[in-house]
Amino acid sequence: MLINGPRGTKDILPETVAQWTYVEDVIRNICARYGYHEIRTPIFEHTELFLRGIGETTDVVEKEMYTFTDRGGRSLTLRPENTASVVRSYLQNKLYASDALVKLFYIGSMFRYDRPQAGRYREFHQFGVEALGEENPSVDAEIILLAVEFLRALGLQELRLHLNSVGCPKCRPVYREKLQEFFRPHLAELCEDCQSRFERNPLRLLDCKNAQCHELAEGAPRITDCLCDECRMHFDEVQAYLAATGVTFELDANLVRGLDYYTKTAFEVKYMPLGAQSAVAGGGRYDGLVEEVGGPSTPGIGFAVGLERVLLALEKQGLLPKVHESVDIFIVALGDVAKIPAFKLMQELRMAKISASMDFAGRSMKAQMKQANKKNARFVAILGEDEVKEACVALKDMKTSEQKKVASKDLVSALCVEVKN
Ligand code: HAM
């Protein structure tokens, strides 16, 4: 019986790989412009890292992690996100020693046991950015602009930037209590998930997708009315920096992120035509995370973009580059006698940095020419019995249909000139 890939995973086939590398090129280009350096961390980490980093009461940790025990009895988890891993690496490799502000980016697979649907997978890819070591609100603005400009560089237009502050350990407990007070009389009307969130993570009541919970959340106290002076000032400054650059944003008091490490700035970029999975990027400040993972108190901020969602959006808008396969030369070998000389010629061409291809199955002339056309060959070299005897090829220019005899020993130099033109 055929074995299919696990639910929620996708093969990226050769015809789509070019779309991914196109997006990755845009990422590398924009990160270089903003001064972010690539980091690659392992796909799996000690489970403890995510329990401490992401928070034990989050959906990601409670329901979505791929956790397993290895043969040495250690509990390991496939990374559900990469911020905790980057922070771990920052500490383990003492990256803080090289610079006060360390600016990193990554591209890679993440794993969450989510309910698969369009734009939601169990293995998905993120492009993420983390800036560690600076609490100044200008870094928040830089990070947010980088997220927006990346999406714009791809040509996406209908973007909405949602901005909020989720406070800090000083002001959030006060807000939590206010929120609980507000929801307490309606506890029985909340969905099952929200009833359990009420005690453990009441902020999450604000972004429940259940229609009744959503309605009940209308009129709830706003965190931005409860911020301490420091958080309020920080939030005002982030907005001032953003406003100065002309980027438009919407203040969204209901924006609470699904991971527990956030402090102060939280943001999401939505691409509305994607419907239910419209969040293409999300991030925020996490000034307590480095300490949580065992390091000294160090501020940090970052975001991650869901690349599958970006590709879906690009596809919807017809913004994906069309890639046509092409080859400089296709060698048509006719008959047994031509097989080895044709193969030798192909190797010589390839060694001369010319892309060359041939048929390996000894098909008819017509079938081989069909293949050459399919591969968009710029030239075709035909080798039959006569050409082998004369040590030459019949070289056909597929643009002009002109055909001429070229000595095999001169083919590389003749093509080097032609292919460059
Ligand atoms: P997140 O909001 O959990 O944040 O994920 C970021 C983005 O990853 C989402 O906006 C979405 O586009 C994409 N994404 C999440 N889950 C899935 C899924 N199951 N299938 C497809 N795409 C998905 C984080 O991961 C944080 N680490 C971001 C961050 C970095 N915050 C600070 N630094």
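In strand 15, which residue is the bridge partner of Phe-379? It is Asp-397. Please keep in mind that this is a predicted model.

That pair sits in a wider setting. Strand 14 (residues 377–383) and strand 15 (residues 392–397) run antiparallel and are joined by four bridges. Both belong to an open sheet of five strands, ordered 13-12-14-15-16, with mixed pairing. Strand 13 (356–358) and strand 16 (403–407) are the edge strands, each pairing on one side only. From one strand to the next, the twist averages 30°.

| Helix | Lies across | Angle |
|---|---|---|
| Helix 12 (residues 336–351) | strand 12 (327–333), strand 13, strand 14, strand 15 | about 160° to strand 13 |
| Helix 13 (residues 365–374) | strand 12, strand 14, strand 15 | about 175° to strand 12 |

Now to another part of the chain: helix 6. Helix 6 (residues 172–183) has 12 residues and reaches 16 Å from its first C-alpha to its last, close to the 16 Å expected at 1.5 Å a residue. Buried in helix 6 are Arg-172, Tyr-175, Leu-179, Gln-180 and Phe-183. These residues lie on the same side of helix 6 because they cover an arc of only 140° around the axis. Helix 7 (192–200), helix 8 (211–217) and strand 9 (263–271) are among the elements that cover the buried residues. On the face turned away from the buried side, you will find the exposed residues Glu-177 and Glu-181.

Conventions
Residues are numbered from 1 along each chain as its sequence is written. This is a predicted model: local features need pLDDT of at least 70, side-chain atom pairs count only at pLDDT 80 or more; totals for chains, interfaces and linings use all residues. Side-chain values use heavy atoms; hydrogens and water are left out. Two strands pair if DSSP finds at least two bridges between them. Helices (H or I, at least four residues) and strands (E, at least two) are DSSP runs, numbered from the N terminus. Axes are lines fitted to C-alpha atoms, for helices over the stretch in contact, and angles run from 0 to 180 degrees between N-to-C directions. Contact means heavy atoms within 4.5 Å. The expected span of a helix is 1.5 Å times one less than its number of residues. Buried means under 20% relative accessible area, exposed over 50%, partly exposed in between (1.4 Å probe, protein chains only). The arc is that of the directions from the helix axis to the C-beta atoms.
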